[in-house]
Amino acid sequence: MSGDTVITAREMGLVGCRRCTQVWPADTARCGRCGAALVSRDRLSLQRVWAWWLVGFGCYIPANLYPMLSTRTLFTVQEDTIIGGAIELATHGAPFVALVILFASVVIPLGKFFAIAYLAISVQRRSTASYHQRHLLYEVVEYIGRWSMIDIFVVAILSSLVQLNTLAAINPGAASLFFALSVIFTMLSAQSFDSRMIWDVQSRQKETEGAHG
Amino acid sequence: MDAARLLEPRTDLIVCPTCDAVYTLDRPEAGQKAVCGRCHVDLIAPRRKAGLQIIAISLAVLVLVIAATIFPFLTIRAGGRQNSVSILDAALAFSDGPLVLLALSTAALIVFIPLLRVLLALYVLIPVVLDRMPAPGSKLAFRMSEALRPWSMAEIFAIGCAVALIKITDLADVTFGPAFWMFSILVVLVVAQDSFMCRWTVWKSLEGLRK
């Protein structure tokens, strides 16, 4: 089927279950097959998106200010923030790993904040920017969100493994908690977004075109 | 109550859950896929003998999760000292003060949620594959399993291991324990289990059940 001939459930006076795809009359409250609550368009979802987005962003700031790891060797104690640790790695001959870390804990989180904000604003303003590209952006954000947890797992592995009494010890810093919270809140923000709203403008355009033609 | 009045579903149609496009329901053959023409999301993707395969994989995952949690995972040696950790040790590394919360959620994300999802999948699928009545509460169980899907992070932990290893190979000598290999297989199986499962087919087979 081509994209132009698509009819939505809303136009047909129906509502589709987002969990099991069963189709019901528009005023059904709960899916009889899987028990999920049915809403044709979740307008309130944008408020949830923004609420989680703000808390997530709020947690991301201290995550970058506090140290992520504190490394104690024989004579020194060193505390590294996320960016500081990456710079340290880059200058000590592991530029590739530094890049991976910078990408996973700076580029991806910031990109996610921008992407979710852009999607939410574009829906609020009924933007007609490419539906396919925005849908792709939504899918990428949904998929990639979980992967930011890598950094937390690295800290967990390092700080449990490197406990060599006097010789060397690595311990997690306060930033790890904030970073984990930030990842979790951004995931919740992306999950709250009702992707069907991206396509609504297309349906409405089609209606007006039909009326004029 | 008005809201409780029974409404009939349109069983001849299917709606794309991500873009709301409506199609007439046409069940694809095993091995074929029904894909939304507008946003290209898979709607139905049945596989031959998927149920049996998923059950077999789930059982393997069950054994591996338990074993991989108990056995030593990584061992580090430097300057005559050595330290072995299991996956649970790694998860519980955040153990002082407010970081306890983080320790508990890490343990949940890499061990308990994957384990719970496997148990739920077995509970739902075994009766269905054996052509019995679905077990009571199957719908709730499958709903939970689906809701937990993004929070099951075993494969992300595996990549985290790789990064951590690169970071410390200069510092110390690291050897892999038996649990490391079990966990590697586990990750492949967990990913396979998710991609074999056709959600639509499972919901369809739970249709007759009341709850």
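Predicted model: local features only at pLDDT ≥ 70, side-chain atom pairs only at ≥ 80, totals over all residues.
How many Å separate the centres of domain 1 of chain B and domain 2 of chain B, taken over C-alpha atoms? I got 32 Å. The domain assignment I used for chain B puts domain 1 at 1-46 and domain 2 at 50-197.

**Chain A, domains and overall shape**

I then looked up the domains of chain A. Domain 1 covers 1-40 and domain 2 covers 42-212 in the assignment. Their centres are 31 Å apart, again over C-alpha atoms.

Next I checked the extent of chain A. Its C-alpha atoms fill a box of roughly 80 × 35 × 30 Å along the principal axes. The radius of gyration came out at 23 Å, whereas a compact globule of 213 residues would be near 17 Å.

Chain A has seven helices and six strands. Along the sequence I read the order as β-β-α-β-β-α-α-α-α-β-β-α-α.

**Where chain A touches chain B**

How many residues of chain A are in contact with chain B? I found 56, and they meet 55 residues of chain B. Several elements of chain A give two or more residues to that side, among them strand E1 (14-16), strand E2 (23-25), helix H3 (95-124) and helix H7 (196-212). I asked myself which element gives the most. It is H5(A), with ten residues. By residue class, I have this side of chain A down as 34 nonpolar, 16 polar and six charged.

**H6(A) against H3(B)**

I picked one helix pair across the two chains. Helix H6 of chain A (residues 174-192) packs on helix H3 of chain B (residues 99-129) at about 50°, and the axes are 9 Å apart. That angle makes H6(A) oblique to H3(B). I noted the crossing of this pair as left-handed.

Which residues meet here? From H6(A) I have Ser176(A), Leu177(A) and Ala180(A), and from H3(B) I have Leu99(B), Leu102(B) and Ser105(B). Sorted by class, the contact of H6(A) with H3(B) is four nonpolar, two polar and no charged.

**H5(A) against H6(A)**

I stayed with H6(A) and looked at its packing on H5(A). The angle between H5(A) and H6(A) is about 150°, with the axes 9 Å apart. Roughly parallel or roughly antiparallel? I wrote down roughly antiparallel, because the angle is over 145 degrees. H5(A) passes H6(A) in a left-handed crossing.

On the H5(A) side, the contact uses Asp151(A), Ile152(A) and Val155(A), and on the H6(A) side, Ser176(A), Phe179(A) and Ala180(A). I count the residues of this contact as four nonpolar, one polar and one charged. I also marked Ser176(A) and Ala180(A) as residues of H6(A) that take part in the contact with H3(B).

**H3(B) against H4(B)**

Last, I followed H3(B) within chain B. The axes of H3(B) and helix H4 of chain B (residues 138-147) come within 9 Å and cross at roughly 145°. I have this crossing as left-handed.

H3(B) brings Arg117(B), Leu120(B), Ala121(B), Tyr123(B) and Val124(B) to the contact, while H4(B) brings Ser138(B), Ala141(B), Phe142(B), Met144(B) and Ser145(B). The residues of the H3(B) and H4(B) contact divide into seven nonpolar, two polar and one charged.

Note on methods
Residues numbered from 1 in each chain as written. Chains lettered and ligands numbered in written order. Axes fitted to C-alpha atoms, helices over the stretch in contact; angles between N-to-C directions. Helix = DSSP H or I, 4+ residues; strand = E, 2+ residues; numbered from the N terminus. Parallel < 35°, antiparallel > 145°, perpendicular 65-115°, else oblique. Left-handed = near helix turned anticlockwise from the far one by under 90°. Contact = placed C-beta atoms within 7 Å. Nonpolar A, V, L, I, M, F, W, Y, C, P; charged D, E, K, R; others polar. Domains from an automatic or database assignment. Rg over C-alpha atoms; globule rule 2.2 N^0.38 Å.
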